[in-house]
Amino acid sequence: MHPFRKAVEARDIEAMTALLADDVVFISPVAFKPYAGKAITSAILETVMEVFQDFRYVREIGDETSNEHALVFEAKVANKAITGCDFIRTDGDGLIHDFMVMVRPLRAAQALSEEMGARFDDIVRRASGG
């Protein structure tokens, strides 16, 4: 089991953050531009943990020797079932350097966009240490 999966399943934001490279790039399923940096990525992850209900990983693709992993998940957002995948690539130190999330179906993705958009100011505040 990938250490990031363990951290998420334990709902341990500190452990999740510790697994992010300082220059991690996060590609959101609902935003056009990528987010660069550990602080903003950590704030996004913390907020997503609040938005997703009944979150669970259902499959992991990639073995312990690989630097690329796909973590398939299911959850609910605003009472809509959502399926998604965390695509992560680690660097030579085992830290997550690239992190892309994709979700479906469209209605659930729209609900996720609305929920995250409503919290964006708080995400920025968290990322800046406020």
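Me: Which residues does Thr-90 touch, not counting residues up to four places away in sequence?

Reply: Contact here means heavy atoms within 4.5 Å. Leaving out residues up to four places away in sequence, Thr-90 touches His-2, Asn-67, Leu-95, Ile-96 and His-97.

Me: What pLDDT do local features need in this predicted model?

Reply: Residues are numbered from 1 along each chain as its sequence is written, and side-chain values use heavy atoms, with hydrogens and water left out. This is a predicted model: totals for chains, interfaces and linings use all residues, side-chain atom pairs count only at pLDDT 80 or more, and local features need pLDDT of at least 70.

Me: Is Thr-90 buried or exposed?

Reply: Thr-90 sits in strand E5. Strands (E, at least two residues) and helices (H or I, at least four) are DSSP runs, numbered from the N terminus. Relative accessible area sets the class: under 20% is buried, over 50% exposed, in between partly exposed (1.4 Å probe, protein chains only). At 10%, Thr-90 is buried.

Me: Which backbone oxygen does the side chain of His-69 reach?

Reply: His-69 belongs to strand E4, residues 68-77. Its relative accessibility is 8%, so His-69 counts as buried. A polar contact is a pair of N or O atoms within 3.5 Å; within protein, one must be able to donate a hydrogen and the other to accept it, and residues adjacent in sequence count only if both atoms are side-chain atoms. At 3.1 Å, the His-69 side chain reaches the backbone oxygen of Ser-66.

Me: How many of the residues in H3 are buried?

Reply: In soluble globular proteins, nonpolar side chains tend to be buried together. The buried residues of H3 include Ile-40, Ile-44, Leu-45, Val-48 and Val-51. Thr-41, Ser-42 and Thr-47 are also among them. H3 is mostly covered, and of its 14 residues the buried ones number 10.

Me: How far does H3 reach from its first C-alpha to its last?

Reply: The expected span of a helix is 1.5 Å times one less than its number of residues. H3 has 14 residues, and its reach is close to the expected value, at 20 Å.

Me: Which residue forms a salt bridge with Glu-50?

Reply: A salt bridge needs a side-chain nitrogen of Lys or Arg within 4 Å of a carboxyl oxygen of Asp or Glu. The structure holds 11 of them. With the closest N and O atoms 2.7 Å apart, the partner of Glu-50 is Arg-126.

Me: How many residues apart in sequence are the parts that Glu-50 and Arg-126 tie together?

Reply: Both ends are partly exposed: Glu-50 at 43% and Arg-126 at 22%. Glu-50 lies in helix H3 and Arg-126 in helix H5 (120-127), so the pair ties together parts whose separation in residues is 76.

Me: Which residues are linked with Glu-50 in a network of salt bridges?

Reply: Arg-125 pairs with Asp-122, the closest N and O atoms being 2.4 Å apart. These two both lie in H5, three residues apart, about one turn of the helix. Linked with Glu-50 in the network are Glu-46, Asp-122, Arg-125 and Arg-126.

Me: Which side chain meets Asp-98 in a salt bridge?

Reply: Asp-98 is partly exposed at 22%. At 3.5 Å, N to O, Asp-98 meets Arg-89.

Me: What is omega for the peptide bond from Arg-104 to Pro-105?

Reply: Pro-105 lies in the loop between E6 and H4. The bond into it from Arg-104 is cis, with omega near -10°.

Me: What is phi of Asn-79?

Reply: Asn-79 is in the loop between E4 and E5. At 69% relative accessibility, Asn-79 is exposed. Phi is positive in this residue, which is other than glycine, and lies near 65°.
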